[in-house]
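Dear colleague,

Please find the structure below, followed by a short account of what was found in it.

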Amino acid sequence: HLHLRRSLMADLGLELSSQPTDGVTSLRFGDDSGLLLATSWDAGVRLYDADPVSGSSSLRQHFTTPGPVFDACFAAGGDTAIVSGGLSKSVVRHDLTSGADDVVGTHGAAVKCVEWDHETGLILSGGWDGRLKCWDARLPEERRCIADVELPGKVYSMSLTGSGSPTRRLVVAMAGRAVHVYTPMGLTMSGAPEQARESPMGHQSRCVRWLPDGTGFALASVEGRVAWEYLDPAPAVQEKKYAFKCHRVRDAGVETIHPVHAVAFHPWGTFATGGGDGVVNVWDGAHKKRLYQYPKYATSIAALAFNADGDKLAVAASYVGESGDAPAPRDAVYVRKVEPGEVTPKSGVPK
């Protein structure tokens, strides 16, 4: 039995030590440090060192905030600081060197998403109050909020382009199927979006993530669908966009449609999705193909993240409440070793 359990655990990846004790809400790897950041409903912001090859993991730091945390990101060169947001309505900066916490500013309701722009040093936060705010934590407290934009609905997901994109852009997915694209400059100057779109899917948006090169983004919905969207408004480019069904389970002729909670791009441009069915799929969006499906986890996939090198995938198997207040397996974060065959696009590894 022990041998069987070990082989099953190997299939799921390395289970972290000192796990979050309530629903996991976000995962993110540091580009500089390679450390893994996890947030959860237990008011914790945790930083892990995990190596699935050696099978070792350790909890490096654990910050406790005033309430459940919905998102966090690294917010300094060398990954020496973290910014988090959650139900307490506060955007909090955690200094990893000194261990000090600093409230950068607040929203009128829960802070759902946070991002940090390494080019400008600005913090971006989106809230359930339907506002997008831009902060400069280096300024005195009363002058820190340098942009405060009213959005058409509450924020559900945000993504900032990475180093592979020539231009920094923020995409925001909101209630009412609204999707806005901003440049940090446009946000601070006028607050006007560069593009205002509507999700092509009929149901609520759940997660949005940029392609590594910033030419488009993947948008996931609560109704087992993902849209592949292009940024360029030219008709010839827009003709190539599409949406596909996924995370649907057919049993005895009945189809159960699960929400797609998580999307994470690999540096090579392929991407993983995680659903309420406990399944993680890897897709080649440019060629409309599924590349790989990992063994099923015990409960919903709440969050996913690849590291900068693309050789690790963090997976949060954590019940998201799809069936109400039901008994669920304990929350767990795993880190898998990624094999090239699982993530290589049909066109080969990009140069």
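The protein chain exposes about 15100 Å², of which carbon and sulfur atoms supply 50% (Shrake-Rupley method, 1.4 Å probe; for residues, only the protein chains shown count as cover). This is a predicted model, in which local features need pLDDT of at least 70 and side-chain atom pairs count only at pLDDT 80 or more, while totals for chains, interfaces and linings use all residues. Residues are numbered from 1 along each chain as its sequence is written, and side-chain values use heavy atoms, leaving out hydrogens and water.

Of the 351 residues, 55% count as buried (under 20% relative accessible area, 1.4 Å probe, protein chains only). The radius of gyration of the protein chain is 19 Å, which agrees with the value near 20 Å that a compact globule of 351 residues would have (taken over C-alpha atoms; the rule is 2.2 Å times the number of residues to the power 0.38). The C-alpha trace spans about 60 × 50 × 45 Å along its principal axes.

The secondary structure comprises four helices and 30 strands (DSSP runs of H or I, at least four residues, and of E, at least two, numbered from the N terminus). Four of the strands form an open sheet in the order β10-β11-β12-β13, with antiparallel pairing (at least two DSSP bridges between two strands). β10 (111-117) and β13 (145-150) each have a single partner strand, so one side of each lacks a neighbour in the sheet. Strand β12 (residues 131-135) pairs with β13 over five bridges, and R131 stands opposite E150 in β13.

With kind regards

Technical notes. Buried means under 20% relative accessible area, exposed over 50%, partly exposed in between (1.4 Å probe, protein chains only).
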